[in-house]
Amino acid sequence: KENTVDWNDQKYAEVWRHGWETITNRYLEAAGRPERVDLRSFERQGIQQIPTVHLGPAAHQMEKRGVETFLGNLNRDIRAANSLMQSIRSAIRGLQRWIADLNEKKQLLDYVRKNKVITRKEAEKLLGAGSTKAFRLLKELCGSGQLEQRKKGRLSIYTVNDNDNIQ
């Protein structure tokens, strides 16, 4: 027997899913809902998260009644792992920003030690940063006692603090 109906072939799964995704999103938009459906895997979407598993109707009803199931427990463990990974990634980003700030502060201090003074404009140019960031870093260095502000106002001049014993 020769199969003349190929609409159920696996090669069409992506086509059918895309069509379903498009229609679903069209209806969500028409209903004014913010949610959108994306049938790509988390990996293909660039989402660094472990996907949960489908419960199915029986397990879903049991979980709804407060009965824990194997798949429900697995999903709770996955959610906890995802939350932990998100916290770790957030901490890493914070540490990377902190290290970048330290490196920029070192650049400023090295420049001041070499040239004896630095202006806010020179700090902006040296760091390739906007005035807000340069000002914040200069202020933090003054607050820690490593730099001293000699002139105040628009033409502020910063020098190494005379009491600074940093080599």
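This is a predicted model: local features need pLDDT of at least 70, side-chain atom pairs count only at pLDDT 80 or more; totals for chains, interfaces and linings use all residues.
Which residue in β3 is the bridge partner of I118? It is Y158.

**Strand pairing around β3**

- Strand β1, residues 117-119, is joined to strand β3, residues 157-160, by three bridges. The two strands β1 and β3 run antiparallel.
- Strand β2, residues 147-151, is joined to β3 by four bridges, and this pair is likewise antiparallel.

- T159 is a residue of strand β3.
- T159 has a relative accessible area of 10%; because this value is under the 20% cut-off, T159 counts as buried.
- The side chains of T159 and R150 form a polar contact at 2.9 Å.
- Beyond residues up to four places away in sequence, T159 touches V112, K116 and V117, together with Q146, L147, E148 and R150.

**Packing of α4 with α6**

- Helix α4 spans residues 70-115 and helix α6 spans residues 131-143. Their axes lie 10 Å apart and cross at an angle of about 75°.
- An angle of 65 to 115 degrees counts as roughly perpendicular, and α4 and α6 are therefore described as roughly perpendicular to each other.
- On the α4 side, the residues in contact are D101, E104, K105, L108 and L109. On the α6 side, they are K133, R136, L137, L138, E140 and L141.
- By class, this contact of α4 with α6 comprises five nonpolar and six charged residues, with no polar residues.

**C142 in helix α6**

- C142 is located in helix α6.
- The relative accessible area of C142 is 24%. Because buried requires under 20% and exposed requires over 50%, C142 is classed as partly exposed.
- Leaving aside neighbours within four places in sequence, C142 is in contact with L147, E148, Q149 and Y158.
- C142 and N8 are 134 residues apart in sequence, and their C-alpha atoms are 70 Å apart in space.

Conventions. Residues are numbered from 1 along each chain as its sequence is written. Side-chain values use heavy atoms; hydrogens and water are left out. Two strands pair if DSSP finds at least two bridges between them. Buried means under 20% relative accessible area, exposed over 50%, partly exposed in between (1.4 Å probe, protein chains only). A polar contact is a pair of N or O atoms within 3.5 Å; within protein, one must be able to donate a hydrogen and the other to accept it, and residues adjacent in sequence count only if both atoms are side-chain atoms. Contact means heavy atoms within 4.5 Å. Axes are lines fitted to C-alpha atoms, for helices over the stretch in contact, and angles run from 0 to 180 degrees between N-to-C directions. Angles under 35 degrees count as roughly parallel, over 145 as roughly antiparallel, 65 to 115 as roughly perpendicular and the rest as oblique. Ala, Val, Leu, Ile, Met, Phe, Trp, Tyr, Cys and Pro count as nonpolar, Asp, Glu, Lys and Arg as charged, and the others, Gly among them, as polar.
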